[in-house]
Amino acid sequence: MKALSIRNLKKTYANGLVAIKGIDLDVEEGDFFALLGPNGAGKSTAIGIISSLVNATSGVVRIFDADLKRNKKLAKSYIGLVPQEVNFNQFETARNIVMNQAGYYGLPRKEALKNTEYCLKLMHLWDQRNTVSRRLSGGMKRRVMIARAMVHQPRLLILDEPTAGVDIEIRRSMWETMKQVNEQGTTIILTTHYLEEAESLCRNIAIINQGEIVEHTDMQSLLARLNEEHFVCDVKTPLKKIAAISGYKIDLINSMQISVSVPKNLGLNQLFKGLSEQQIEVVSLKNGSNRLEQLFLELIDQDRAG
């Protein structure tokens, strides 16, 4: 079953701005799906329409076979939305914020209490349940929003820039939690500017630009299309210079590190052979740039050129 099915979705604002230009999009049940695009591409408008916060000009949105226009109440009950901006009462406790959301969806009090406790514990917030939210850190506020979105046990969770402004340690903790939620059966749609999140978490991806879907595929197939990868190599002994190796672009970062661009058709073996011939021993290797970000920029550039 499809968790989300969009057909010929369009949105034109009163000032004539065309935000969405007739897109089609499918997200399968159980998927962890990335929706990416530059600022102004149409991501937020699409999310707004799916979550019924924005009215489409035309088109069809179905959420688990519930038509958003014809059966809005049922369709909305399937969705949990984590918006970009913190939008709860800063003078309420974390527990009350989540409990009130359960009440909004009509959960009986006993079930609401149980779900609230589960969601706050899942987001590592149970110890802060009675803390007034304005006293929480930025990362904790983000986690409160996720707990709130999940309290009615939605089948589709939409995360709109969920880790914006959150430090790397908290971000990675949230990644692990979201993986767990997805593994338990919840379909997740993620929008993010941290492209390493999409590569780490998502199985399928759509890229939107200027209101149109310019790519819709699985993550592995998309990454396989990269023409080259970039690596940073730590070397065993200090270097003053390095000779060229045919087919590779090599730069000296400092005396103990080099950066290398590796064409897809060459791989690493010839690189290590060439370095060995110069008596250069590599002690560690890591990705020098995010692969998805590189491909994302290439696709956007291609779309603009076209």
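A crossing of two helices is called right-handed if the near helix is turned clockwise from the far one by less than a right angle, and left-handed if anticlockwise.

## Basis of the model

This is a predicted model, in which local features need pLDDT of at least 70 and side-chain atom pairs count only at pLDDT 80 or more, while totals for chains, interfaces and linings use all residues. Residues are numbered from 1 along each chain as its sequence is written, and side-chain values use heavy atoms, with hydrogens and water left out.

## Helices α3 and α5

Under the definition above, the crossing of α3 and α5 is right-handed. Helices here are DSSP runs of H or I with at least four residues, strands are runs of E with at least two, and both are numbered from the N terminus. The axes of α3 (residues 94-104) and α5 (residues 138-150) come within 8 Å and cross at roughly 25 degrees. Such axes are lines fitted to C-alpha atoms, for helices over the stretch in contact, with angles from 0 to 180 degrees between N-to-C directions. The two helices, α3 and α5, are therefore roughly parallel to each other; angles under 35 degrees count as roughly parallel, over 145 as roughly antiparallel, 65 to 115 as roughly perpendicular, and the rest as oblique.

From α3, Ala 94, Ile 97, Val 98 and Gln 101 meet Val 144, Ala 147 and Arg 148 of α5, where contact means heavy atoms within 4.5 Å. By class, this contact of α3 with α5 has 5 nonpolar, 1 polar and 1 charged residues. Ala, Val, Leu, Ile, Met, Phe, Trp, Tyr, Cys and Pro count as nonpolar, Asp, Glu, Lys and Arg as charged, and the others, Gly among them, as polar.

## Helices α3 and α4

The axes of α3 and α4 (residues 109-122) come within 9 Å and cross at roughly 130 degrees. Helices α3 and α4 are therefore oblique to each other, and their crossing is right-handed.

On the α3 side, Ala 94, Arg 95, Val 98, Met 99 and Ala 102 meet Arg 109, Ala 112, Leu 113, Thr 116 and Leu 120 in α4. The contact of α3 with α4 comprises 7 nonpolar, 1 polar and 2 charged residues.

## Ser 52 and the cysteines

Ser 52 lies in the loop between α1 (43-50) and β4 (58-63). Ser 52 is buried, at 17% relative accessible area; buried means under 20%, exposed over 50%, and partly exposed in between (1.4 Å probe, protein chains only). Apart from neighbours within four places in sequence, Ser 52 is in contact with Leu 68, Lys 72 and Lys 76.

Cys 202 is buried at 6% relative accessible area, and Cys 233 is buried at 0%. The whole structure contains 0 disulfides, a disulfide being a pair of cysteine sulfur atoms within 2.5 Å.
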